Amino acid sequence: MRNMPGEEPETGLTVTPPKKWAAGVPAVVHALEYSLEQTSARRTGVDLLAMNQVGGIDCPGCAWADPAPGHRHRNEYCENGAKHINDEATKRRITADFFREHSVSDLAGRSDMWLNQQGRLTEPMIKRPGSDHYEPVGWNDALGVLADELASLPSPDEAVFYTSGRASNEAAFVLQLFARAFGTNNLPDCSNMCHESSGFALSETLGTGKGTVSLDDLHHADLIFLVGQNPGSNHPRQLSALEEAKRGGARIVAVNPLPEAGLRRFKNPQKPSGVVGRGTRLADRFLHIKPGGDLALFQALNLLLLQAEDDRPGTVLDHDFIDAHTAGFEEFAQQARTVDWDDVHAATGLNREEIEKVHDEVLGSERVVVCWAMGITQHKHGVPTVREIVNFLMLRGNLGRAGTGACPVRGHSNVQGDRTMGIWEQMPDSFLDALREEFGFDPPRPHGLDSVNSVKAMREGRVKVFLALAGNFVRAAPDSAVTEDAMRSCRLTAHISTKLNRSHTVCGDTALILPTLGRTERDVQADGEQSVTVEDSMSEVHASQGRLEPASPLLLSEVAILCRLARRTLGDKPDIPWDRFEGDYGTIRDRISRIVPGFHDFNARVTRPGGFRLPNPVNEGVFNTSSGKALFTRNETVIPRAPQGHLLLQTLRSHDQWNTVPYTLDDRYRGIHGSRHVVLVHPADLSRLGLAQGDHVDLVSVWTDGVERRAENFETVPYPTAPGSAAAYYPETNVLVPLDSVADISNQPTSKGIVVRLEPRTDPAGPAPD
């Protein structure tokens, strides 16, 4: 299997030294340059001044929390957020003429960046069976085609309803309600591919799938771990929170296979010291860990804590917390003491002295927070790694107290809210029971399909209809060629979208593009102008209201599209007021308030400045586990290894990228300019493999199925990755991730632990060698 063809010619790779700091004046300049390329100065100003403000527009980018009202800067956004919001507010438009000029086959050969740059979708389009072109279709007919296809299915389980974290709480709630009233729990979402391992591990050990910290906790921590994440590019506003923590005396330990600019120093462009000064040093220690070695690292830290308690009984561990609130400590401690330091070194690449210095930092800290992202979750042992982090936090009672806790950092604006609203194929019976009591129908109980299993079901002919609420499924999913073949096997594919992406070019027999309002745009319905709500990474729920006129008079909101589709598909059975939901989103929130815990008085509370924070049971000393206590776990040591002549590859995104969409071909923090077809390799590994800077190679992964997966024509770049590892950008390298290579328990794709070989090309411009 080979990578997808058709990328536009790149400008040619230029490599400069990686940056040693993030943000500063260049971030402002790049944000404004991109924004003004997309739209006018007036529209840019309207968006940016309203962004992340009370009564304004919630950033559609990452899910980092906003400071409390009264503590927000007038420019409360980052470079990437500014680019993303004005990318949506672009003045470029895609009309029917565009689709007459470009066939589906032509569009399928275009790059992700080119497709995104064409502008906003403006009217519904349909590709009919046997045709290679989209053509205009009215809303009534488009929804009729989709409703008729759904109604014709022998089983509701032959349909899949996918959701991206871009969707609002109201749209997500309506989608899951429609899917369950239709008769299926097939509700995969983007969380299946990013933080599913976090959810499973935290639910098992703490009784909640969410993090336990607030911004205030981060600001008042003594010690903060940043593990497997790159805040400078993926969650840039986190840098401001870390700067605040440093001002309060916190120390920061960064754990990553690559030294990232945002983990080093932050030049806050909102402060004079960030404009003319050196900014703030963030990481006090950097652990240059091998990919997947984090489990062994926290096992070693836990062993050292147990040994320190042996030496100084009653002074190291928090026995009051352990005795009152946890179960399984003795069994955990027995296994923890068997950790072998040779195994730790093999897994992490770190020496014992480095780890012991971090242990000393832990002993000197009363309040500890651990933050992590996909560098932890996208490994086969992602769930055990998060469980071991929880063990670490519990040993010294770093849960439920101010300045402490677990912080999985979500990467998409409302991915956590989608899950709260019921977008999950495995929602508990308590949620389904509440739906039944509220709406008078019995939701299906069997678990549905997640993202990976949806691809398998489409490939096997068990799913005939695929509907996506936002997102770019075929580029977010693993095993690109397999995913695309599976999508093309459907009878109908439909996408509710603001902009064009590759998923629109990978069609079922019939394909629909259903264009929707963006978060920046005014949403006027029968009962007046509407707002929507989102939930950030720290469980804070707040409203978002667009300011711009819609890109086209033919656009419908996500809620309107879903309500009209539900009405066309289900009629009046069950008795759900789809018309009222469409006309007044407050009626949706009323129903949510009676179904979802923590949302009482939803409509009233969300109008308060800053909204409200959902209760977290851990912070109230409540653990909704089977034992009623937090659970210590036993986790076997894992040593990720690559065979001789191979490397462990992690996929990552560039700085100038949002999810699957690159905005430019540059990654200036890493010093990469003009190309995305690069593979970053430690200089010693390049030499060992007989390669040099600028060599052209194919990246080849081989899985247990014996199928060779190939990403073609990448240029080698010496880079301080962890020895034995490499890194390359997704979605270009998603083709290398086998569909069956998933994390234990969570079924999340293992995009950070791919065994690859670098195969030299004899002709860089020609086809790959046989």
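A salt bridge joins the side chains of Asp-222 and Arg-367, with an N to O distance of 2.7 Å. This pair ties together distant parts of the chain, 145 residues apart: Asp-222 sits in the loop between helix H10 (215-219) and strand E8 (223-227), while Arg-367 belongs to the loop between helix H18 (352-363) and strand E14 (368-372). Arg-367 is partly exposed, its relative accessible area being 30%. The model discussed here is a predicted one, and its count of salt bridges comes to 62.

A second example is found within a helix. Asp-485 and Arg-488 are both part of helix H25 (residues 480-488), where three residues, about one turn of the helix, separate them. Their side chains form a salt bridge at 3.9 Å, N to O. Asp-485 is exposed because its relative accessible area, 51%, is over 50%, whereas Arg-488, at 37%, is partly exposed.

Salt bridges also link up into a network, which takes in Asp-429, Asp-433, Arg-436, Glu-437, Asp-442 and Arg-445. Within this group, Asp-442 pairs with Arg-445, and their closest N and O atoms lie 3.1 Å apart. Asp-442 is exposed at 52% relative accessibility; Arg-445, at 28%, counts as partly exposed.

With neighbours within four places in sequence left aside, the contacts of Asn-302 are Phe-332, Glu-388, Asn-391, Phe-392 and Leu-395.

How values were computed
Residues are numbered from 1 along each chain as its sequence is written. This is a predicted model: local features need pLDDT of at least 70, side-chain atom pairs count only at pLDDT 80 or more; totals for chains, interfaces and linings use all residues. Side-chain values use heavy atoms; hydrogens and water are left out. Contact means heavy atoms within 4.5 Å. A salt bridge is a side-chain nitrogen of Lys or Arg within 4 Å of a carboxyl oxygen of Asp or Glu. Helices (H or I, at least four residues) and strands (E, at least two) are DSSP runs, numbered from the N terminus. Buried means under 20% relative accessible area, exposed over 50%, partly exposed in between (1.4 Å probe, protein chains only).
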